[in-house]
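Work through the exercises below with the sequence and the structure in view. Try each task before reading its solution.

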Amino acid sequence: ILKSQVERAILGLSPQVAIDWTIDDKPQRGELGGVVFEAHFDRPAGASETQATTLPTLGSGKWDAPASTPCGAAMIIQLSPDEFVIAGMGVIVTFSPVDGQGKVGIDQVREGRFEKEGTWVGGRYLNGDETHQGRHVHLYDGQWTVQRVRVYRY
């Protein structure tokens, strides 16, 4: 795959937390395949304004983050013009058209996983209860999730 194809096919979204733990609470945005993805990040379950959050690090260490530090992140991979894989946790992703004309809706969302050789193994289909009536994809805090999403424009 050419580098330019990869840059257009993969998008990563994560909260902006500076080295001094200053948090930029603005939603993170990115474009992929004519769609704007906007990510809002969950606060860790049970987080309070005074209790530190323990984050895993590479290796065997732990890292205490200040209270209510968002810990979510998402990676979005474009599979076709209207189909994406969203993997991550602790994030809500909404969609809109890059050109601002019309809207982008969710046609179908399915949980699943990729196995050897990139074979998709689909799990349960998510309906309006899980997608806020087709308004967003929510990858819940505390559990890594992969969801395959098909969108449409109207």
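**Exercise 1. A residue in a loop**

Leaving aside its neighbours within four places in sequence, which residues is Thr131 in contact with?

Solution. The model is a predicted one.

Step 1: Find Thr131 in the loop between β12 and β13.

Step 2: Set aside the neighbours within four places in sequence; Thr131 is then in contact with Ile106, Val109, Leu126 and His136.

Step 3: Take one of these residues, Val109, and compare two distances. Val109 and Thr131 are 22 residues apart in sequence, and their C-alpha atoms are 8.1 Å apart in space.

Step 4: Look at the side chain of Thr131, which reaches the backbone nitrogen of Gly134 at 3.0 Å.

Step 5: Decide on burial. Buried means under 20% relative accessible area. Thr131 has 6% relative accessibility, so Thr131 counts as buried.

**Exercise 2. Two further residues of the loop**

Solution. 

Step 1: Place the residues. His132 lies in the loop between β12 and β13, and Gln133 lies in the loop between β12 and β13 as well.

Step 2: Most residues other than glycine have a negative phi.

Step 3: Read the two angles. Phi of His132 is near 50°, a positive value, and phi of Gln133 is near 60°, also a positive value.

Step 4: Apply the accessibility classes, in which exposed means over 50% and partly exposed lies between buried and exposed. His132 has a relative accessible area of 41%, so His132 is partly exposed. Gln133 is at 55% relative accessibility and therefore counts as exposed.

**Exercise 3. A sheet and its edges**

Task: give the strand order of the open sheet of four strands, and explain what sets its edge strands apart.

Solution. 

Step 1: Write down the order, which is β4-β5-β10-β13, with antiparallel pairing.

Step 2: Pick out the edges. β4 (28-32) and β13 (137-139) each have a single partner strand, so one side of each is left without a neighbour in the sheet.

Step 3: Look at one pair. β4 and β5 (residues 35-41) pair in the antiparallel sense over five bridges. In this pair, Glu31 stands opposite Val36 in β5.

Step 4: Gln28 lies in β4. Not counting residues up to four places away in sequence, Gln28 touches Leu13, Ser14, Gln16, Phe37, Glu38, Ala39 and Phe41. Its relative accessible area is 15%, so Gln28 is buried.

**Exercise 4. A hairpin**

Task: describe how β11 and β12 are joined and paired.

Solution. 

Step 1: Locate the strands. β11 covers residues 104-114 and β12 covers residues 120-126; they pair in the antiparallel sense over five bridges.

Step 2: Count the residues of the connection. The two strands form a hairpin with five residues between them.

Step 3: Inspect the turn, where Glu117 has a positive phi of about 65°.

Step 4: Identify a bridge pair. The partner of Phe114 is Trp120 in β12.

**Exercise 5. Salt bridges**

How many salt bridges does a search of the whole structure find?

Solution. 

Step 1: State the total, which is six. Side chains of opposite charge can pair when their charged atoms come close.

Step 2: Consider Arg29, which forms a salt bridge with Glu38, with the closest N and O atoms 2.7 Å apart. Arg29 counts as exposed because its relative accessibility is 54%.

Step 3: Consider Arg150 and Asp107, whose closest N and O atoms are 2.8 Å apart in a salt bridge. Arg150 lies in β14 (residues 145-153) and Asp107 in β11, so the pair ties together parts that are 43 residues apart in sequence. Arg150 counts as partly exposed at 26% relative accessibility, and Asp107 counts as partly exposed at 47%.

Step 4: Consider Glu115 and Arg113, whose side chains meet in a salt bridge at 2.7 Å, N to O. Glu115 is partly exposed, with a relative accessible area of 40%, and Arg113 counts as partly exposed at 45%.

Notes. Residues numbered from 1 in each chain as written. Predicted model: local features only at pLDDT ≥ 70, side-chain atom pairs only at ≥ 80, totals over all residues. Heavy atoms only, no water. Pairing = 2+ DSSP bridges. Buried < 20%, exposed > 50% of the residue type's maximum accessible area, 1.4 Å probe, protein only. Contact = heavy atoms within 4.5 Å. Polar contact = N/O pair within 3.5 Å; in protein donor to acceptor, adjacent residues only side chain to side chain. Salt bridge = Lys/Arg side-chain N within 4 Å of Asp/Glu carboxyl O.
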